[in-house]
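The stops below can be followed in order.

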Amino acid sequence: MDKYVYDFAEGNKDLADLLGGKGANLAEMTNLGLPVPPGFTITTEACRAYLATGREPDGLAEQIAEYLSALENTRGKRLGDPADPLLVSVRSGARFSMPGMMETVLNVGLNDDSVAGLAAQAGGNDRFAWDSYRRLIQMYGKTVCDVPGEEFEQALDDAKHARGTTNDLDLDAGDLRMLVGEYKKIFLKHTGRDFPQDAREQLDLAIRAVFESWNADRAVLYRRQERIPADLGTAVNVVAMVFGNLGSDSGTGVAFTRDPASGAQGIYGDYLTNAQGEDVVAGIRNTVPLQELERLDKRSYDELLGIMATLEGHYRDLCDIEFTIERGKLWMLQTRVGKRTAAAAFIIAGQLVDEGIIDLDEALSRVTGAQLGQLMFPRFDLSDEPASLARGIGASPGAAVGKAVFDSERAAELAKEGEAVILVRRETNPDDLPGMIAAQGILTSRGGKTSHAAVVARGMGKTCVCGADALEVDTHGGKFIVDNQTVREGDVISIDGTTGRIYLGEVPVRPSAVVQYFEGTLESTEDALVSAVHRILTHADAKRRLLVRTNADTGEDSARARRFGAEGIGLCRTEHMFLGDRRELVERLILARTDAERQDALDALLPLQKADFVEIFEAMDDLPVTVRLIDPPLHEFLPSLEELAVHVAVAHERGEDAGKDEALLVAVRRMHEQNPMLGLRGVRLGLVIPGLFAMQVRAIAEAAVECLHRGGTPRPEIMVPLVGAVQELETVRVEAERIVAEVGEVDIPIGTMIEVPRAALTAGQIAEAAEFFSFGTNDLTQMAWGFSRDDVEGAFFWRYLELGIFGISPFEAIDRDGVGRLVRIAVDEGRAARPELKLGVCGEHGGDPESVHFFHEVGLDYVSCSPFRVPIARLEAGRAAVFTTTAASDTR
């Protein structure tokens, strides 16, 4: 028979998968000889079996009876005994901490008869007994029987009002006896039965309720947010009750061995006299600082400090502790490695290294790229609690304040005049890039975390809120409307790229010291947080195997990324260089009807492209720069078909000559595509428009030679996009090698992006013509799933996340089973064909912490990400190396 129940003395902290975090830590404290009330744990395996079948697994009831009998013998009391009752708490405890997400029931075992016995145990303290009974009915009714909790709260408020008080401690035994009667009526009204008097029935139903709380809405939502697997289940801990509500010499509290907000060392926590544990959490009475316990009960205080030191030394980390004092006797109810802010995580890790408790590898494993990301973006000071106008998707973290502007050119104009602006659009496109660069932040009513606005904003380190669909954006009218409130151009708004909230007016902003440190603008390097970040990130750099490059398209972005630690450029998007003032030249090129027209446009573009590359090569001197040849969908360079048709129709209606617009309309209709993302773009565009790729290759080679003559060490690489067949790459490569040879003096490797599923599946063939691969995981994900990344997040991703089809969007973290498998195939077959093949990734996943670990595992040489995510990728690459080393050591 499977073993489903463990006494605390049988477990330890290493059995968290089986006993849950709480049960494993109760066992560990028991084994350390700390004062833990006796009890037992029902395993996560029992929970999973119950949830799978809807009934308790065979043998569980008998094992509970066996361990309950042992607990009764230990305490010298019996569950349900009218004269001397044993009471127990029934608490959840999952493998990973999920505070407040699942259920707890206290005082299980009380009934109409045993309440008198409990009062006798407490020396005739009737108030205590009836207070405990009303708590049981309230918690049991709400947790086990779905009785609305607010009805119990209302009854309690009515009782206090009748007594003329707002403090539940002012209710006497008679008041509480009457309250129990009211609670019973509420219970009967909602359940159709009297409150159960059988103590074992109370226990069994409470255990089932805790099992079922694993799938409660709030628990499911929390797991998705924290990426906790849904199939773990929760353990259940049955613990002999100890009482903090016995009088002024009793109480309950929480304590932290260090400040979880700042990481500072000291005594942190709260204490509440004459209370049970839920009173502290519920906030029904004001707690006192933990230090006050020294005055109230010095012996318990001193003992608690000693236990806190023991636990921190044993767990080698910040510990979160729950305790109860019962008539001067200290009991430990729980400990766990405490949750902390991002800043505290770095500071505490550094402190523990200094104290010799952990080494730098361990410190590196205890912080995350997500935490570092939180520290890098400015934040709003919300101490005045401003009301938000609306909420969208927090697509790029940060806090931005500025005047609402609805036109990209206007945003750029105002920014030149020194105005702070927020660019507001329904959605953005490459034409909006000048305004996006100029703006403090971007707000759109459409799109999601992988929309154009989101991707570009993250690349620039701009705050961005997308998908705020409550906003009716009127770009022509220069306004948006939300809840009958109109915000016009020039009105100041504030947007929070972390929470997605939008505020009217200016919300104060606090700068990030960590970014100032990376930028070299921090006035003082004495900041404890900055010091901790520097120390741990330096160690990550020493440990990591993966190189970290950046995605950058300008000299300014390249220089910033280098300050942030980038070791080259993994993706330079040349299409961004064709916008703004150059758009007309691109239109001329695409719409040219003769070779001469086409060549004139190319000749005009060549020196502009060359100047761009010179700037980038100089910023990244002696580091590799991978330049992707032009790749966007064709429609992004052409006027809108709909708008052009309207202009021409209006001109005809007025009897005016449509002129150039009419000729342009004919050309745009000729080249219009139903699905541009799968149309004439990438290598296809380069093959169809003669001279386009040749011009870009010449500009790259000539820029490299110019930098060489200036004494630099340029290291350009040419990447051909959207290749699906080796013949496409071979055709481009022949022409590119000829041009590079004509220019002379430089050797430029030629490779390709792997972003089409067929390219991944034929990587062995393509590797014969490529010196490197870079995985474009944005398009690879889009094509592998059949998703349009600009549309699906707002359309149905929310439902997929709600149903658990996704734990997280596949555009945020790499889909290991599907897209990841394509990457593995391409890595294995590419390296088999060309062992020296260099492999990298330049999609958005290159800066995602979880995805970086995957790219380390499959053997890529580098990841590339936006400049502001470079430190995050550096940290996670180091963590991936440490975890790999640790795992290898564990298997030996």
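## Stop 1: Arg560

Select Arg560, which is buried at a relative accessible area of 15% (buried means under 20% relative accessible area, exposed over 50%, partly exposed in between, with a 1.4 Å probe and protein chains only). Arg560 sits in helix H21, residues 555–563. Helices (H or I, at least four residues) and strands (E, at least two) are DSSP runs numbered from the N terminus. Now show what surrounds the side chain: apart from neighbours within four places in sequence, Arg560 is in contact with Glu519, Pro867 and Phe868 (contact means heavy atoms within 4.5 Å).

This is a predicted model, in which local features need pLDDT of at least 70 and side-chain atom pairs count only at pLDDT 80 or more, while totals for chains, interfaces and linings use all residues. Residues are numbered from 1 along each chain as its sequence is written, and side-chain values use heavy atoms, with hydrogens and water left out.

## Stop 2: the whole chain

Zoom out. The C-alpha atoms fill a box of roughly 105 × 70 × 55 Å along the principal axes. Colour by secondary structure to see 35 helices and 33 strands. Of the 892 residues, 57% count as buried. Among contacts with a separation of 6 or more, 69% are between residues 24 or more positions apart.

Next, colour by charge. There are 94 positive and 140 negative side chains, and the centres of the two sets lie 2 Å apart. Here Lys and Arg count as positive and Asp and Glu as negative, with His and the chain ends not counted; each charge is placed at NZ of Lys, CZ of Arg, CG of Asp or CD of Glu.

## Stop 3: two crossing helices

Select helix H2 (residues 44–53) and helix H8 (residues 199–213), which pack at an angle of about 80° with their axes 10 Å apart. H2 is therefore roughly perpendicular to H8 (the word covers angles of 65 to 115 degrees). The axes are lines fitted to C-alpha atoms over the stretch in contact, and angles run from 0 to 180 degrees between N-to-C directions. Show side chains: Ala46, Cys47, Tyr50 and Leu51 in H2 meet Arg208, Phe211 and Glu212 in H8.

## Stop 4

In helix H4 (residues 114–121), select the buried residues Ser114, Val115, Gly117, Leu118 and Ala119. Their cover includes strand E4 (85–86) and helix H5 (126–145). After H4 comes Gly123, with a positive phi near 75°.

Move to helix H15 (residues 369–376), where six of the eight residues are buried: Gly369, Gln371, Leu372, Gly373, Leu375 and Met376.

## Stop 5: Thr257

Thr257 is in strand E8, residues 251–258, and is buried at 10% relative accessibility. Which residues does Thr257 touch, not counting those up to four places away in sequence? They are Gly266, Met308, Glu312, Asp317, Leu318, Cys319 and Ile321.

## Stop 6: two loop residues with positive phi

Most residues other than glycine have a negative phi. Select Asp622, whose phi is near 70°, in the loop between helix H23 (595–619) and strand E28 (624–628). Asp622 is partly exposed, with a relative accessible area of 41%.

Finish at Leu722, where phi is about 65°. Leu722 lies in the loop between strand E29 (715–720) and helix H28 (726–743). Is Leu722 buried or exposed? Leu722 is buried, at 0% relative accessibility.

Definitions and conventions:
Parallel < 35°, antiparallel > 145°, perpendicular 65-115°, else oblique.
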